[in-house]
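Hi everyone, thanks for making the time. Could we have the structure up on the screen, please? Then I'll walk you through some contacts and a pocket.

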Amino acid sequence: MSASHTHALTPPEGLRPAQLGIVLVGRVVAGHVSATLADLAQRGFLGLDEVGGAAAADWMLTDLRVQTSPRPLAFEATLLDGLFSRERMVRLSAAGPELLPVLNRLRAQLGRDAVQRGWLRRWRRGQRTPRGEQLLREIHGFRWELRALAAAGGSPALGGLVPYAMVFGLMPAVVSVADQPHPAAAGGQETEVAWSQADRFARSWQEVCARLPAGAGHPHRLGADRPGDFVHEWSAPQHPSGHHSPGHDSGHAGYGGGYEGHGGGHQGGFHGGHSGY
C-alpha cells in the first residue's frame, strides 16, 4: 500500500488525528484511539491485518517499531507500549480491562499536550483558547476540503488522510471512495489504509470499547444516573460548553468528529461524560 505520492491536502500544523480531535471536540473520545491506530499503521509503526471470516472478523495488530524511524509521539508510544506489553502480535478482540490504564494515560497526555501548546485552557480544559479557536477554523477548512475531495470521487492523495476522515465522521459517507488498497511499498515504508478497511476497523474498535467497564481510573465521576460503561465515560459532551459548536464538534458512531449530513454535524455515538484529563 504505497504512500510515495505527495499529499496535496495536509492537516493544519501537521496535527496527528488525535491532536486534531482534541481541538475539535475539546477532549479525547474513544474514536480518536481507532484513528490513531490507523494513522500508526499508515506510518509503518503498526501492522493492521484483518483476519477471520465475515462471521468472526478480527484484527491482528503487530508491533513494527523496530523497523521504523523516527519514533512515534509520546502518546502514541504509550498506546503501543500498552498494546504490546507482553507480545509483539495481539488480536484486537483480546483487548480487555487491562487496556484501561493505558487509555487513561494516553488521554491525560493528550490533554496536557493541548494545554501546553496553547490550544485548550489550563483550568477549563474543555474550552479552547483564542489560539485554539484559530486552529479550529483551520481544521474546519481542512475538513471541508477533505469532504469535497471525497465527494468528487477521491484521488490517490486521499489514502493518507483516512485517519482524519475517521475523526471527522466522514467514513460512512465516503466508504466507497478509493476502496482498493495499494500494494505495499518496498522496505516496510508507509502504507495506506483503504476507506472500507478503516470503517470496519473503527467498528471493531467500538465493539471492544463496548465491553470495557467504566470508572477504572475515575470511579467518583460515575453518578447513579450515568451508564457504567467505557463508551459513555469517554464520550463527547452532549451540550458542549464555552465555544463548542454542536454542529461542528459532536461525535457520530464513535469516530470522534462531526457527522457530515445536511448542513452540519449530527450528535450520536458517544455522549456525556467529563474531560478526564
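Let me start with a question: does Phe201 count as buried or exposed? Phe201 counts as buried, because its relative accessibility is 1%. Here buried means under 20% relative accessible area, exposed means over 50%, and partly exposed is in between, with a 1.4 Å probe and protein chains only.

A word on the source before we go on. This is a predicted model, so local features need pLDDT of at least 70 and side-chain atom pairs count only at pLDDT 80 or more, while totals for chains, interfaces and linings use all residues. Residues are numbered from 1 along each chain as its sequence is written, and side-chain values use heavy atoms, with hydrogens and water left out.

Now the aromatic rings. Rings of Phe, Tyr and Trp (for Trp, the six-membered ring) pair if their centres lie within 6.5 Å; planes under 30 degrees apart are stacked, over 60 edge-to-face, and the rest tilted. That rule gives 3 aromatic pairs. In one of them, Trp59 and Phe201 have ring centres 5.3 Å apart and planes at 85°, so the pair is edge-to-face. Trp59 sits in strand β2 (residues 58–63) and Phe201 in helix α8 (residues 195–211), so the contact ties together parts that are 142 residues apart in sequence. Helices (H or I, at least four residues) and strands (E, at least two) are DSSP runs, numbered from the N terminus. Trp59 is buried too, because its relative accessibility is 0%.

Next come Phe142 and Phe168, a tilted pair with 5.8 Å centre to centre and 55° between the planes. Phe142 belongs to helix α5 (residues 130–151) and Phe168 to helix α6 (residues 162–168), so this pair ties together parts 26 residues apart in sequence. Phe142 and Phe168 are both buried. Ring pairs also bring in Tyr164, linking Phe142, Tyr164 and Phe168 into a cluster.

On to charges. A salt bridge here is a side-chain nitrogen of Lys or Arg within 4 Å of a carboxyl oxygen of Asp or Glu, and the count comes to 10. Arg43 and Asp39 form one of them, with the closest N and O atoms 2.9 Å apart. Arg43 is buried at a relative accessible area of 17%, and Asp39 is buried at 2%. Arg43 and Asp39 also belong to a network of salt bridges with Arg16 and Glu76.

Glu50 and Arg200 meet in another salt bridge, at 2.9 Å from N to O. This one links distant parts of the chain, with Glu50 in strand β1 (residues 46–51) and Arg200 in helix α8, 150 residues apart. Glu50 counts as partly exposed at 35% relative accessibility, and so does Arg200 at 36%.

Last stop, the pocket. A pocket, on a 1 Å grid over the protein atoms alone, is an open set of points where a 1.4 Å probe fits, with protein on both sides within 12 Å along at least five of seven lines; lining residues have an atom within 4 Å of a point. The largest pocket is lined by 14 residues, with Gly82, Leu83, Ser85, Val90 and Glu98 nearest its centre. Elements giving two or more residues to that lining are α3 (74–83) and β3, and β3 provides the largest share, 3 residues.

That's my tour; happy to take questions.
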